[in-house]
Amino acid sequence: MSETQTRRIKTYNQISDKGLSRFNSTHYQVDPALDDAEAILLRSYKLQVSDLTASVRAIARAGAGVNNVPLPACTDQGIVVFNTPGANANAVKELVLSGMLLASRGILPGMRYVSELSDMTDNAEMSKLLEAEKKRFAGSELAGKTLGVIGLGAIGSLVAGMAIDMGMTVLGYDPALSVDAAWRLPNQVQKIENVSALLGNADYVSLHLPVLDSTRHLISTDLVAAMKPGLCLLNFSRDEIVDTDAVVAGLDAGQLRMYVSDFPRHELIGREDVILMPHIGASTAEAEENCAIMAAEQLKDFLENGNIRNS
Ligand code: MLT
């Protein structure tokens, strides 16, 4: 980069300061209002084809999924697209654990019950009442149960390792397991070639797939029917991976015991057998910082050295 050249980067969304600080030099202008930017740095903003002005050469998404970037138009215009695989994997892994715990223990109904006692002023009386009622909130343990992980990339393999540490048996399925991912995967994960076989033998199943033509509505009526009765399904990947109607029918029929999802849909709100979160899988201070730093460094390396890397 010549001494006088200024690189212009347009930002969308709140990008962590630690990431933006990578551009603290007079060589960079980082501004949400630029209309002649060479590069775009974004988080969850849904980028439109019309946002791809002729000056744009690269886009970095501070996150794993790139379904908010119009990839075919980027390919047509020769725009390089980066994402930050793995940078928020720990945050998602921890939320999957919380989802499994919420689905296995009487945490939510127990908390709802306790909050209904706000008029009670006698703590001894309240303890007596709770002792009498607590059987209603008994749950079961994760240790000894089987978790199926569908998608064994950065997040899926961390989830698998966590479940092994918790004393669970782990089955793994990935139609496109990369050599790198296979090396990363804990030895104890039993690789299953057939997704129906995994669903038929697991107590919990966690989805960690990108949205592709081959994965859209992967969890279909047929696959819900293949599930071990009483299975708990967790979706912290993308809404599109699951056919919501199939899930609702599976819950109604009792084939599915519980559905935990980071993607609320109106058909699911208000059901006791569904736990919904507002797409917060990667919403931790640490993950936002890690993603912003990785995305900023990718862009810098590209703009300064022409390097294309996804790590
Ligand atoms: C991701 O794609 O990294 C996560 O779903 C989080 C997000 O979209 O912000």
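**Figure 1. Overall view of the protein.** Of the contacts in the protein between residues at least 6 apart in sequence, 62% join residues at least 24 apart. Two residues are in contact if their C-beta atoms, placed from the backbone, lie within 7 Å. This is a predicted model: local features need pLDDT of at least 70, side-chain atom pairs count only at pLDDT 80 or more, and totals for chains, interfaces and linings use all residues. Residues are numbered from 1 along each chain as its sequence is written. The C-alpha atoms fill a box of roughly 75 × 55 × 35 Å along the principal axes. Eleven helices and twelve strands make up the secondary structure. Helices (H or I, at least four residues) and strands (E, at least two) are DSSP runs, numbered from the N terminus. Of the 311 residues, 36% are buried. A buried residue has 20 or more other C-beta atoms within 10 Å of its own; an exposed one has 12 or fewer, and a partly exposed one falls in between, with C-beta atoms placed from the backbone.

**Figure 2. The two domains.** Domain 1 covers 7–87 + 285–305, and domain 2 covers 89–105 + 140–276. These bounds come from an automatic or database domain assignment. Taken over C-alpha atoms, the centres of domain 1 and domain 2 are 30 Å apart. Six residues from domain 1 and seven residues from domain 2 take part in the contact. The domain 1 side has two nonpolar, three polar and one charged residues. Here Ala, Val, Leu, Ile, Met, Phe, Trp, Tyr, Cys and Pro count as nonpolar, Asp, Glu, Lys and Arg as charged, and the others, Gly among them, as polar.

**Figure 3. The largest nonpolar core.** This core holds 78 residues. A nonpolar core is a set of buried Ala, Val, Leu, Ile, Met, Phe, Trp, Tyr and Cys residues joined through C-beta atoms within 7 Å. Ala-39, Leu-41, Leu-234, Leu-256, Ala-295 and Leu-299 touch the most other members. Helix H11 (residues 285–305) gives the largest share, eight residues. Both domain 1 and domain 2 contribute residues, so the core lies between them. Beyond its neighbours within four places in sequence, Leu-234 is in contact with residues including Val-96, Met-100, Tyr-204 and Val-260.

**Figure 4. The open sheet.** Seven strands line up in the order E8-E7-E6-E9-E10-E11-E12, with parallel pairing. Strands E8 (190–191) and E12 (274–276) stand at the edges with a single partner strand each, so one side of each has no neighbour in the sheet. Two strands pair if DSSP finds at least two bridges between them. Strand E9 (residues 204–207) runs parallel to E10, joined by four bridges. Leu-207 stands opposite Asn-235 in E10. Strand E10 (residues 231–235) pairs with E11 in the parallel sense over five bridges. Cys-232 stands opposite Met-258 in E11. Five of the six residues of E11 (residues 256–261) are buried, so this strand is largely enclosed by the rest of the structure.

**Figure 5. The ligand shell.** Arg-43, Ser-44, Gly-63, Ala-64, Gly-65, Asn-88, Gly-281 and Ala-282 surround the ligand. A residue is near a molecule or strand if its C-beta atom, placed from the backbone, lies within 6 Å of it. By class, the shell has two nonpolar, five polar and one charged residues.

**Figure 6. The loop at Thr-26.** Thr-26 sits in the loop between helix H1 (17–20) and strand E2 (28–30). Thr-26 is exposed, with 8 other C-beta atoms within 10 Å. Thr-26 and Gly-63 are 37 residues apart along the chain, and 27 Å separate their C-alpha atoms.
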